Amino acid sequence: MTPLDLPGRTTPAVPATFLAGKDSPRREPVVPQRAEAERAAPAASVPPAVPAAPAPAAVPAPATAPGPTAVHQPTAAASAGPAHSGALRLPEAPLPPSEVDRLVSGAHHDPHALLGAHPTNGGTAIRVLRPFAERVVVETGQGPAELTHQQNGLFTGLLPGSDLHHSAMAEHRLLVSYPGGEPLAQYDGYRARPTLGELDLHLISEGRHEQLWRALGSHVRTVDGVPGTAFAVWAPNAAGVRLIGDLNHWDGTGHPMRSLGSSGIWELFVPGLGEGAQYKYEIRTRDGRVLDKADPLARATQCPPGTASVVTSSGYAWQDGEWLARRAETVHHRAPMSVYELHLASWRPDLTTYREIAEELPGYLKRLNFTHVEFMPVMEHPFGGSWGYQVSGFYAPTARLGSPDDFRYLVDTLHRHGIGVIVDWVPAHFPKDDFALARFDGEPLYEPADPLRAEHPDWGTLEFDYGRTEVRNFLVANAVYWCEEFHIDGLRVDAVASMLYLDYSREGGAWTPNQFGGRENLDAAAFLQEMNATVYRRCPGVITIAEESTAWAGVTRPTDSGGLGFGLKWNMGWMHDSLVYISKEPVHRKYHHNEITFSMVYAYSENYVLPISHDEVVHGKQALVSKMPGDWWQQRANHRAYLGFMWAHPGKQLLFMGQEFAQGSEWDHEQGPQWWVLADDWPAAADHRGVRELVGELNRVYLDAPALWEQDTTPDGFRWLDGGAAEDNLLSFVRYAADGTPLVAVCNFSPVVRRDYRVGLPALAGRDQLWEEALNTDAEVFGGSGVANSRPIKAEAHPWNGQDRSAELILPPLATVWLRPA
């Protein structure tokens with residue numbers, strides 16, 4: 001059923017050669033072989049409302065192929081015969097041939113000024129563009145009236161009076177006859193008023209349309225009583241834009257769009273078209289080329305390797321109101337945050353949809369007591385091996401795992417289990433694929449015109465033009481979109497450093513300075529400030545997180561104080577230095593002691609996340625446990641001790657999937673985590689299970705100990721006990737809750753048991769000076785040797801480490817011990 005037909009009608013068949021784009025009565029396609037699903041998928045429609053007509057016979061292929069812009073011409077006999085019983089044949093209302101040529105070639109900026117119904121001398125001129133049709137009859141209040149074919153599929157007629165011009169689209173129908181078939185009842189979308197209002201256009205031109213996705217893209221709606229789909233796309237440099245898709249067998253001749261003036265927006269309403277229809281925009285450039293482009297604002301896409309956009313609307317009923325209310329009251333800097341990072345497509349390769357993942361993931365996270373999950377980018381991307389970091393569909397969850405509502409279900413289910421959802425977001429660059437954003441309307445649009453700024457040297461991609469109003473609006477609205485439409489709780493912004501510096505990965509003179517001669521990308525900084533300010537204003541309780549690896553000042557400082565406005569920043573320095581330290585043989589660690597302690601020099605310069613992310617366990621960097629020195633027992637012990645140190649260090653923590661059970665191999669996006677090492681038949685299964693038990697216990701104790709998260713961003717929450725015991729491979733410190741309650745962490749990164757090792761302990765005001773082990777990474781249940789301190793531990797009035805009291809402890813080998821007041 002063609003979307004232009006009234007519901008229930010059947011589309012006219014067309015020659016196979018036309019569908020294939022060979023020997024076609026139209027121009028040869030720009031892409032010689034479109035995806036089969038794009039060429040042959042049936043068109044979507046609104047629910048049937050009138051009885052279906054029998055399918056007409058196929059149109060016979062023409063004997064000879066006409067010129068590049070020619071379309072099927074009705075025969076003289078067909079034009080003369082009646083198309084409707086009693087139909088009045090109207091006099092012609094022809095257009096100049098040059099106008100028709102522009103119209104059918106896709107180079108006209110205002111087809112609505114020619115098509116539809118328009119007052120003229122002597123009545124109302126009616127013009128309808130129906131390539132391949134034999135007859136067109138319009139039903140009016142004065143009765144049926146047949147139009148005359150002028151040329152190239154344009155049918156015209158002059159109706160006396162102006163009633164039809166003033167009538168609504170729903171008050172008349174077109175009856176269109178194709179060879180061998182019965183007349184098809186249709187509405188004329190070129191009678192529809194623009195579906196974007198003046199306010200939309202004003203906000204877009206100002207770059208302030210914070211819900212841009214509600215204006216641009218495709219939207220199922222009713223106009224003048226007629227259901228259909230409205231399309232709008234920004235292509236200011238285009239000479240013409242046409243809609244192509246399964247609605248017209250990927251030939252846009254009959255669906256030219258109109259330009260809405262200086263806004264650069266092109267718009268069209270298609271009656272009868274509904275959810276599920278696949279489409280693209282056919283853009284004629286100013287130099288005469290024709291490009292087929294996916295919709296930048298598409299909210300659903302064809303599953304890769306298909307590249308079509310898909311009309312969608314959401315009927316999802318959220319059930320996470322209580323979660324959102326609590327989130328709005330949360331102050332993240334003073335709240336616990338323990339994040340499990342995963343790649344949705346490979347976390348459990350046997351789970352192939354968002355809904356299947358929703359049945360397993362929340363329970364797994366709850367078992368391990370994580371507070372948040374972070375998804376690597378879920379936005380549509382053409383190449384699975386990019387892991388989502390080269391986005392082609394910024395407004396569409398990847399169709400590889402289901403529909404947008406399926407993704408909503410996953411987020412909703414996590415919320416109902418008390419798990420926050422963070423999504424990686426990639427405004428730093430985009431791929432060069434021909435169907436996507438690159439040179440979208442034939443000229444640099446989303447990317448800078450200056451090639452020195454446009455090309456990203458590391459990833460073979462293009463950077464965004466952050467100085468362009470509409471591009472900035474596209475990205476700011478996109479950040480809001482994920483938070484408002486999918487209830488995302490946090491955006492982790494990828495590759496911020498590459499955005500902030502004009503000379504990032506560019507040698508010598510291969511970059512253009514800013515207007516002050518500097519290397520800072522001032523437009524990118526302004527964009528990040530605008531994005532953060534807008535998200536925090538519109539979305540209560542959402543947090544933004546920067547992956548930023550340089551010393552740019554004020555990344556997490558509020559925008560009204562001159563900062564970029566992020567809530568948190570990945571602490572890449574801590575990650576790098578601590579991994580260098582822990583990867584050394586214990587005998588050499590004393591020479592690298594400053595690398596495990598240096599992070600506290602700058603720990604409060606920003607609000608930090610401590611990341612052991614996917615980036616640290618791919619591309620030859622090894623899995624976390626495999627970075628550790630020694631035999632298998634020592635590797636696991638180092639792994640456990642390191643996690644104990646990480647969870648006690650100021651900052652929120654993030655751990656990538658597979659590292660929670662110490663898998664030995666790097667992450668493979670095709671294979672996913674090595675779940676089989678936890679199976680009963682795996683020789684070391686108990687060892688891997690022990691590490692996973694530790695992670696669950698780390699999170700449990702962490703949640704119960706405000707000292708570990710309540711003052712993450714203030715020096716009042718931390719004090720060294722002994723940060724200089726390099727010879728012993730040992731460090732100790734105390735964390736404080738807002739009410740002064742302490743928790744002591746002692747890390748022994750030496751493979752020897754240290755007995756009677758004195759450690760200073762804070763005085764406990766108004767209570768017995770008794771302490772107990774809150775956690776010991778050497779416990780047997782975690783796969784350790786079981787060396788532990790008896791309970792309770794009595795703090796003596798023996799000053800040590802700057803404290804009035806202290807105790808002699810047994811420190812297990814390669815282990816971290818946490819002590820809390822008993």
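**Entry 1: Ser505**

I began with Ser505, which I found in the loop between α13 and α14 (helices, H or I of at least four residues, and strands, E of at least two, are DSSP runs numbered from the N terminus). Ser505 is not a glycine, yet I read a positive phi of about 60° for this residue. For context, most residues other than glycine have a negative phi, and most peptide bonds are trans. I noted Ser505 as partly exposed, because its relative accessibility is 36% (buried is under 20% relative accessible area, exposed is over 50%, and partly exposed lies in between, with a 1.4 Å probe and protein chains only).

**Entry 2: what kind of model this is**

I am working from a predicted model, in which local features need pLDDT of at least 70 and side-chain atom pairs count only at pLDDT 80 or more, while totals for chains, interfaces and linings use all residues. Residues are numbered from 1 along each chain as its sequence is written, and side-chain values use heavy atoms, with hydrogens and water left out.

I looked up the confidence next: the protein has a mean pLDDT of 89, and 89% of its residues reach 70 or more (pLDDT is the predictor's confidence in each residue, from 0 to 100). Residues 1-83, however, have pLDDT below 50, and beyond near neighbours in sequence this stretch has 186 contacts in the model (contact means heavy atoms within 4.5 Å).

**Entry 3: helix α14**

I checked the length of α14 (residues 522-538): its 17 residues should span 24 Å at 1.5 Å a residue, and the end C-alpha atoms are 24 Å apart, which agrees (the expected span is 1.5 Å times one less than the number of residues). At the start of this helix, a side-chain oxygen of Asn521 comes to within 3.3 Å of the backbone nitrogen of Asp523. I listed the buried residues of α14, among them Ala524, Phe527, Leu528, Met531 and Val535. An α-helix has 3.6 residues a turn, so residues three or four places apart point the same way. The cover over the buried residues of α14 includes β22 (420-425), α12, β25 (490-493), α13 (496-500) and β26 (543-546).

**Entry 4: the nonpolar cores**

I looked for the residues that touch the most other members of the largest nonpolar core, which has 179 residues, and found Phe375, Phe407 and Trp818 (such a core is a set of buried Ala, Val, Leu, Ile, Met, Phe, Trp, Tyr and Cys residues joined through side-chain atoms within 4.5 Å). Helix α12 (residues 469-485) supplies the largest share of this core, 10 residues. Apart from this core I noted another, of 19 residues, including Leu730, Val744, Trp771 and Ile793. Setting aside neighbours within four places in sequence, I found Phe375 in contact with residues including Leu342, Phe407, Leu410, Val421 and Asp424.

**Entry 5: His415**

His415 is buried, because its relative accessibility is 2%. Its side chain makes a polar contact of 2.8 Å with the side chain of Asp320 (a pair of N or O atoms within 3.5 Å; within protein, one must be able to donate a hydrogen and the other to accept it, and residues adjacent in sequence count only if both atoms are side-chain atoms).

**Entry 6: strands**

I traced an open sheet of five strands in the order β1-β5-β4-β8-β9, with mixed pairing (two strands pair if DSSP finds at least two bridges between them). β1 (88-89) and β9 (184-186) are the edges, each with a single partner strand, so one side of each has no neighbour in the sheet. β1 pairs with β5 (residues 143-146) in the parallel sense over two bridges, and Arg89 has Glu146 as its bridge partner in β5.

I then turned to β33 (residues 754-761), of whose eight residues six are buried, so this strand is largely enclosed by the rest of the structure. β33 pairs with β36 (residues 805-811) in the antiparallel sense over six bridges, and Gly760 has Ser806 as its bridge partner in β36.

I found a cis peptide bond from Pro304 to Pro305, with omega near 15°. Pro304 lies in the loop between β16 and β17 and is buried, with a relative accessible area of 17%. Its C-alpha atom is separated by 7.9 Å from that of His381, 77 residues apart along the chain. Lastly, Asn729, in the loop between β30 (718-725) and β31 (730-736), has a positive phi of about 55° although not a glycine, and counts as buried at 5% relative accessibility.
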